[in-house]
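Student: Could you walk me through this chain? I'd like the overall layout and then a few residues.

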Amino acid sequence: MNPGELLERSLAYALGSVAGVPPGSLGRGTPCAAWNLGELLGHLDDSLDALHEGLTGGRIGLFPGAGPGADPACVFRRRACVVLGAWAAGPPDRVLVAERPLDVGVLAAVGAVEIAVHGWDVARACGRSWPIPPALAAGLLPVAWQVVADADRGVRFGPPVDVPPWARPDDRLLGFLGRGDSFPG
C-alpha cells in the first residue's frame, strides 16, 4: 500500500471507531493510560490538524492550532474529511517540520499509524472489539518498525507486548506499540 492508501484507510477505520462513541462517554478510560476518551479525541484532533497543516501549507508548527470543540467526536469526523480532501487535492512533495524537510509520504504513513492505532484505542474505550483490518495493519507495521525507537518507550509507547509470530497483523502492530487485548474498555 502506498502512503496515501494507508492514510485513507486509517481515516476510514478511525471514522468507524469514532462513530461508536456514545454520548456522555468522554470521561472513560482508554488504553492510553494518561488520557481519558475526551483527551484522546483531542489528541487525535491535534494530529489531524498537523496533517492538514502539512498537506495544505507545506509546514507543520510545533504547537497545535485548534482548540477543543464542544463534541470531540464530531470535530474528529469533520477534520478527517478535511484531511482526506487535502490529500486528494495533491499535497506538496515535502513538508517542513520545525524547519526540517520531511517527505510527504513519510508524513502520511506516520499519520496513518497514529490515526489507526488511536482509532483502535477509541473503540476499546467504548467497549467495542473493532480490529484494524489485516491489510491495513500489515501496511502500517513496517512504518511503525521504522519510526518507533527504544527512546519512545515509556514516553509515547509502552513496552512491546509479546505476541506469537503467527499472530494476525493487527495484533502484531498493537503489540509492538505496547497494546494488548486485555484492556476492559
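Student: What should I know about the model and the numbering?

Tutor: This is a predicted model, where local features need pLDDT of at least 70, side-chain atom pairs count only at pLDDT 80 or more, and totals for chains, interfaces and linings use all residues. Residues are numbered from 1 along each chain as its sequence is written, and side-chain values use heavy atoms, with hydrogens and water left out.

Student: How many helices and strands are in the chain?

Tutor: The chain has six helices and three strands, in the order α-α-β-α-β-β-α-α-α along the sequence. Both kinds of element are DSSP runs numbered from the N terminus: helices are H or I with at least four residues, strands are E with at least two.

Student: And how much of the chain is buried?

Tutor: Of its 185 residues, 42% are buried. Buried means under 20% relative accessible area, exposed means over 50%, and partly exposed is in between, with a 1.4 Å probe and protein chains only.

Student: Which residues touch the most other members in the largest nonpolar core?

Tutor: Leu7, Leu48, Leu55 and Val122 do, in a core of 27 residues. Helices α1 (3-18), α2 (37-57), α3 (72-88) and α4 (104-125) each supply at least two residues of this core, and the largest share, seven residues, comes from α2. A second, separate core has 20 residues, including Leu6, Ala137, Leu141 and Val148. A nonpolar core here is a set of buried Ala, Val, Leu, Ile, Met, Phe, Trp, Tyr and Cys residues joined through side-chain atoms within 4.5 Å.

Student: What does leucine 48 touch?

Tutor: Leaving out residues up to four places away in sequence, leucine 48 touches Leu11, Phe76, Arg79, Ala80, Val83 and Ile115. Contact means heavy atoms within 4.5 Å.

Student: Switching to leucine 136: buried or exposed?

Tutor: Leucine 136 has a relative accessible area of 1%, so it is buried. It lies in helix α5 (residues 134-147). With residues up to four places away left out, leucine 136 touches Met1, Leu6, Arg9, Ser10, Tyr13 and Ala116.

Student: Tyr13 again. Which residue forms an aromatic pair with tyrosine 13?

Tutor: By the ring rule there is one aromatic pair. Tyrosine 13 and tryptophan 130 form it, stacked, at 6.1 Å centre to centre with 25° between the planes. Tyrosine 13 is in helix α1 and tryptophan 130 is in the loop between α4 and α5, 117 residues apart. The rule takes rings of Phe, Tyr and Trp (its six-membered ring) with centres within 6.5 Å; planes under 30 degrees apart count as stacked, over 60 as edge-to-face and the rest as tilted.

Student: Why does tryptophan 130 count as partly exposed?

Tutor: Because its relative accessibility is 31%. Tyrosine 13, at 5%, counts as buried.

Student: What sits over the ring of tryptophan 130?

Tutor: The charged end of arginine 128 does, 4.6 Å from the ring centre. That requires NZ of Lys or CZ of Arg within 6 Å of the ring centre and within 35 degrees of the ring normal.

Student: Last one: where is threonine 30?

Tutor: Threonine 30 is in the loop between α1 and α2, and at 5% relative accessibility it counts as buried. Its side chain reaches the backbone oxygen of tryptophan 35 at 2.8 Å, and a polar atom of that side chain lies 2.9 Å from the backbone oxygen of cysteine 32.

Notes:
Polar contact = N/O pair within 3.5 Å; in protein donor to acceptor, adjacent residues only side chain to side chain.
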